[in-house]
Amino acid sequence: MGTATANATPTPKVNHIGLPILEYRGGKTTLCAGCGHNAISERIVEAMFEMGVQPERVMKMSGIGCSSKSPAYFMNRSHAFNSVHGRMASVSTGAILANHTMTTLGVSGDGDTASIGMGQFVHLMRRNLPMIYIIEDNGVYGLTKGQFSATADIGSKLKTGVINDLPAIDTCALAIQLGATFVGRSFSGDKKQLLSMLKAAIAHKGTVMLDVISPCVTFNDHEGSTKSYKFMQENDEPINEIGFVASFDEIDVDYGSGQVYEVEMHDGSNLRLRKLREDYDPTDKANAVRTLMESHNNYEILTGVFYIDTQKPTFIDLLNVVDEPLATLPEALTRPPKQALDALMANLQ
Amino acid sequence: MATGDLALGQEQGAISVRERVANDFSINVATVNGSGSQSANSVLLKSIFGMGVPVSGKNLFPSNIAGLPTWYTIRASKEGYVARTRDAEVLVALNPDTAREDALALPTGGVAIYEEKLNLKQYREDVVFYPVPFDAITAAICPEAKLRKLVKNMVYVGVVAQLLRIDLGVVESGLRNQFAKKVKVFELNFGAVKAGFDYAAEKFTKQDPFVIERMNRTAGKIIIDGNAAAGMGAVFAGVTVVAWYPITPSTSVVEATADLLKKFRVTPEGKATFAVVQAEDELAAIGMVLGAGWAGARSMTATSGPGISLMTEFSGLGYYAEIPGVIFDVQRTGPSTGMPTRTSQADLLSVAFLSHGDTKHIVLLPGSVKECFELGYAAFDLAERLQTPVFVLSDLDLGMNNWMSDPFDYPSTPLDRGKVLTAEDLDRLGGFARYRDVDGDGIGWRTLPGTLHPKAAYFTRGSGHNDAAGYTEKPDEYVAVMDRLARKFENARKLVPGPVTVRDGSSKIGFLAYGSTDFALRESLDQIEKEYGQDVDYMRIRAYPFAHEIHDFVASHERVYVVEQDRDAQLASLLKLDLPADQVTKLRSILHYNGLPLDARTVTEEFATKEGL
């Protein structure tokens, strides 16, 4: 907590739970200088700070890869689980079953999700497990020095000159089809959009799937790559601009002119989408998928929130579990009494 | 045919004048998979149990939903032996496809009760035949044609009850129990039993010596299968998160667990205090178990060989990141798909060292349904105490067959949730290092996500870490953690269930075994004593790592036979890795791995050969 002191040093700005942003910081990054993943970590720190999330109430999950290392670089006061390659989904599922009162944020990569982790990814989406699932997407395997991943665009070129001749998997389109209830795509370099999206994600109840294009400065940021900074700056076409206003935040942000689409979130806060296109409706599932498919044909990368459903029950709702975390229920509630065993035994005689 | 045909020649001694064989024989019921014979088999089993006679039942079934042959053998044993026998003296032949083969397999002097149309008489002259027109009897008492197939099974129960002199009242009460409140179903089925019973009374003169006589050896006992017992163990351990993927023969562990959770773990408001998830595969199942265990819930999965293979990588993570979880492995034959509905003990080595790197696991080895329950709940305490995955190795024979047992005792100690620091602890301590051995037992203290203290969090990873859970590639820090893990495992020798000394004489010869091998081995050791006058000692192993008593047992014998149900002498191999070099040569193996449950005679013969008796 920022406490007033007699000396002249200014009291650091604190959020509505009284924590300075410093308390949301992580360890020093070991990723390459300029890596998009670091920018995403910074936005996560800002979003959690601005939303006033208690760091101890957050579980940071990841798989294996450059992206999956990043939970070490934000929010040191949160428990973290860096699991095995492609299996963040199942570990997160178990952790959330054990304690569904936590805010769970998972960071995966395009290899970790769209190749080795595809099986678990699709089932997590299908269950609408309440968590934020971020793919830090650079279309390339960094730690093994630059092989294509399954989100690499067809026709893109590796540093070695190898051309990718298979189509990219659109994780957003998949997530929408499979049942995720908040699906969007952003760009690690677009601070404003990504921050807004993350803040909305924190307020959403259900699976949030954010595919964040995050250029690999070492292996996939050259001429011919379709996930480089240069390519993204030229081809990034936002479909809507998001501003997020938390209900506990007094400031009313004016987004200027343009149509506003307002969605009420589960925690009472409002998500306001400004439509850049007259016809875009993020609650229309079929249209969301069609929009994404059309963008592929046009070689466009759409960013923004493609799909939102605030009504669909989450996996936790379906399991109809008690409000308390299952992990810490007392023995009196978890071990049936002796009479229960005696009755079972009598029945078997 | 007014009587059963007496086929044995007088010169060899007619069966009718032979001594009665009471409470010491097996019945083999040959049917077709999916024909609904299970409840009839169960009623017959429970009727013998109801007569006070020790009994066991084994289902030998195909990996198929319907149409392939299946056999159910029931053994009545006044001595209380419950293992499989090689021969079944009484055959109930209802499957036309296997009837000839089944009849030919009968021992001389055996009995064949069979569907009249099968005309089995033509194949043997040394067997008593009781032909029964099952279809005609069934049609007469069951007007509804579509129910006849099911009801027909009950007719055989009646015929067998009459021929074996089982009290009809006992069958009736067993049947009443089985169908509980469904009065109409009971009436229809009991009508079928009675029709068979009366038909046999009217048409047959008993020509065989096999009878069930009232005893008093089952009073107070229960009948249950190992999987149901294991599920019960998990529930009385307070299991809270269950993630699984269906696989024979482990599926019924989770079914039993889920049924009991629904019964005992729903609040008055209708909310569940548990979560059961059918995962997308075994990788996800174990991932969920570890995620839940990490976050503090008691979690489990149940699987069999192919699932164990898929759980390999995660098991290493659980070991290295030190996360509790319980994995029931109901073993079936391998390699690969193997024979999915046949029993085996061939997962032991792969489970003990499941995953790459220097990984080893706690493995519990229940040897009875009672131990499926007891080790089932002990596994959860051990997993949280030792902060590691704990495997419970059962097998198809133990897990899916019905066994007689003493009733299970309620756990005498409260749940041991292991070393977990609270926010108050952290206030007092000022912080903690997740993997530091502060108590000298190799086990660190952990915190759970959600602990409201700025110093509560730590970073869990399967990558190299130091004792403060920080990433490391420093040789010394890596070695320190690996050595502590080894100390923890060494310490586990004292914490896991110790071995049971079954026979402790002054013999120079000892036997070691685990799990379902015990049933046949006990009987075999009696045979060895009776037939060869050889007194031998026997210790039953109940866990890996091996307790010191197991080393002492080997040290105090000249020769030690390790009996197990796998080809590669896996238990003996694991022992050899653990024993001092001068003890290793004492071990010799008796192996059985054809997928059928072990029988006593196989062990006795192998032992006699090896000993030159």
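**Helix packing, cores and the chain interface**

Helix 1 of chain B passes helix 4 of chain B in a right-handed crossing, a crossing being right-handed if the near helix is turned clockwise from the far one by less than a right angle, and left-handed if anticlockwise. Helices here (H or I, at least four residues) and strands (E, at least two) are DSSP runs, numbered from the N terminus. This is a predicted model, in which local features need pLDDT of at least 70 and side-chain atom pairs count only at pLDDT 80 or more, while totals for chains, interfaces and linings use all residues. Residues are numbered from 1 along each chain as its sequence is written, and chains are lettered from A and ligands numbered from 1 in the order in which they are written.

The axes of helix 1 (residues 38–50) and helix 4 (residues 145–163) of chain B come within 8 Å and cross at roughly 25°; axes are lines fitted to C-alpha atoms, for helices over the stretch in contact, with angles from 0 to 180 degrees between N-to-C directions. The two helices of chain B are therefore roughly parallel to each other, a term for angles under 35 degrees. Helix 1 of chain B contributes Ala40(B), Val43(B), Leu44(B) and Ser47(B) to the contact, and helix 4 of chain B contributes residues including Tyr156(B) and Val160(B), where contact means C-beta atoms, placed from the backbone, within 7 Å. The residues of this contact divide into eight nonpolar, two polar and no charged; Ala, Val, Leu, Ile, Met, Phe, Trp, Tyr, Cys and Pro count as nonpolar, Asp, Glu, Lys and Arg as charged, and the others, Gly among them, as polar.

Val160(B) is also among the residues that touch the most other members of the largest nonpolar core, which has 272 residues, as are Ile48(B) and Leu91(B). Such a core is a set of buried Ala, Val, Leu, Ile, Met, Phe, Trp, Tyr and Cys residues joined through C-beta atoms within 7 Å, buried meaning that 20 or more other C-beta atoms lie within 10 Å of a residue's own. Leaving aside neighbours within four places in sequence, Leu91(B) is in contact with residues including Asn28(B), Asp102(B) and Ile113(B).

Chain A has 12 helices and 13 strands, and buried residues make up 55% of its 349 residues. Turning to the interface, 49 residues of chain A are in contact with 58 residues of chain B. Helix 3 of chain A gives the largest share of chain A's side, eight residues, and the residues of that side divide into 24 nonpolar, 18 polar and seven charged.

Terms used: A residue is buried if 20 or more other C-beta atoms lie within 10 Å of its own, exposed if 12 or fewer, and partly exposed in between; C-beta atoms are placed from the backbone. Two residues are in contact if their C-beta atoms, placed from the backbone, lie within 7 Å. Angles under 35 degrees count as roughly parallel, over 145 as roughly antiparallel, 65 to 115 as roughly perpendicular and the rest as oblique.
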